[in-house]
Protein chains: 2
Amino acid sequence: MTISEVSEKYGLSPDTLRYYEKAGLIPPVNRKENGIRDYTPEDCGWVEFIKCMRGAGLSIEVLTQYIALYAKGNRTLQKRKNLLVAERDRLQERIEQMQKTLERLNYKIAVYEERIVACEKKLLK
Amino acid sequence: MTISEVSEKYGLSPDTLRYYEKAGLIPPVNRKENGIRDYTPEDCGWVEFIKCMRGAGLSIEVLTQYIALYAKGNRTLQKRKNLLVAERDRLQERIEQMQKTLERLNYKIAVYEERIVACEKKLLK
DNA sequence: GTAATACTTGGAGTTGGCTCCAGGTCAAGC
DNA sequence: GCTTGACCTGGAGCCAACTCCAAGTATTAC
């Protein structure tokens, strides 16, 4: 699969895909003899994984660390798990905070609705 | 209340508080005759509100718009409500996406735990 | 064979959101 | 009356995460 096909498929620009690879956010992508990237399904899997994690707000730095550990093989299993647990906990906290803000917004919107109705009544008088 | 007290109270640096005001993220703060900021409880309320919204990821730009509408008074009620609804919807989507990612991480962590146990068993043989 | 198109690289530029700094004012303590 | 400390302003600097660009190469279409 070419870079533009992968770009299309995941909604990430070719520049971003190259940047992710250069930064070590995904393992090195398979190449054709001439040096042109030829994404295997596995490469695509990494792209999808990283897109998902970035979408949830995990930093480039921490994802780079994860990939670096992955590249070192089985002896980093525990470290990788610890990293994932730490990020999971941080994500959970962020979600809880956002959930509270969501409820606050809902309340605020409800108050606005009341005020708007009250305003309209006044005008009709 | 001085800027450093407000900074202390909400965990935002004085620089950030000044930046928020200059950017129109909070309405102009009350001043003493000599020009020094003297936050009223209402000013503090705005700081707290903006801190909460920024914490949930609402952009400076959209919050600035909200404050600008607020400054124009009652005739912007509907517009302000629309803005809040749009942001609420975006926030909800982000939360849902993050929730999915959280579950994915939990699954991944469970798989790691199994693999680590399997590895240990092998070593004990 | 040459023009167009899709890729390559290294590196510079951009954006959002702060964060820091220089230079100045003012009130309080000695 | 002079130092100290907290504040002020305008503007520069910084960081994360892209995004764009120039210069080069390879394949395809005619």
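Me: What makes the pair between Ser4(B) and a phosphate oxygen of DNA strand D a polar contact?

Reply: In this predicted model, a polar side-chain atom of Ser4(B) lies 2.7 Å from that oxygen. A polar contact is a pair of N or O atoms within 3.5 Å; within protein, one must be able to donate a hydrogen and the other to accept it, and residues adjacent in sequence count only if both atoms are side-chain atoms. The Ser4(B) distance is within the cut-off, so the term applies.

Me: Which arginines have a side-chain polar atom by a phosphate oxygen of DNA strand D?

Reply: Arg54(A) is one, at 2.8 Å. Arg37(B) is another, with an N or O atom at 2.7 Å. H2(A) gives the most, four residues.

Me: How do you know which residues are around DNA strand D?

Reply: A residue is near the strand if one of its heavy atoms lies within 4 Å of it. There are 17 around it, and Asp15(A), Arg54(A), Ser4(B), Arg18(B) and Arg37(B) come nearest.

Me: Why is the pair Lys81(B) and Glu113(A) called a salt bridge?

Reply: The N to O distance is 3.2 Å. The rule asks for a side-chain nitrogen of Lys or Arg within 4 Å of a carboxyl oxygen of Asp or Glu, so the pair qualifies. Four salt bridges cross the interface of chain A and chain B. Helices H3 (41-55) and H5 (77-124) each give two or more residues to chain A's side. H5(A) has the largest share, 26 residues.

Me: What makes up the contact between chain A and chain B, and how much area is buried?

Reply: Contact means heavy atoms within 4.5 Å, and each chain brings 34 residues. Buried area is the accessible area (1.4 Å probe) lost on being put together, summed over both parts. Here about 3600 Å² is buried, 71% of it on carbon and sulfur atoms. In chain A, Met98(A), Arg104(A) and Tyr112(A) lose the most, together 18% of that side's total.

Me: What conventions apply?

Reply: Residues are numbered from 1 along each chain as its sequence is written, and chains are lettered from A and ligands numbered from 1 in the order written. Local features need pLDDT of at least 70, side-chain atom pairs count only at pLDDT 80 or more, totals for chains, interfaces and linings use all residues, and side-chain values use heavy atoms, without hydrogens and water.

How values were computed: Buried area is the accessible area (1.4 Å probe) that two parts lose on being put together, summed over both.
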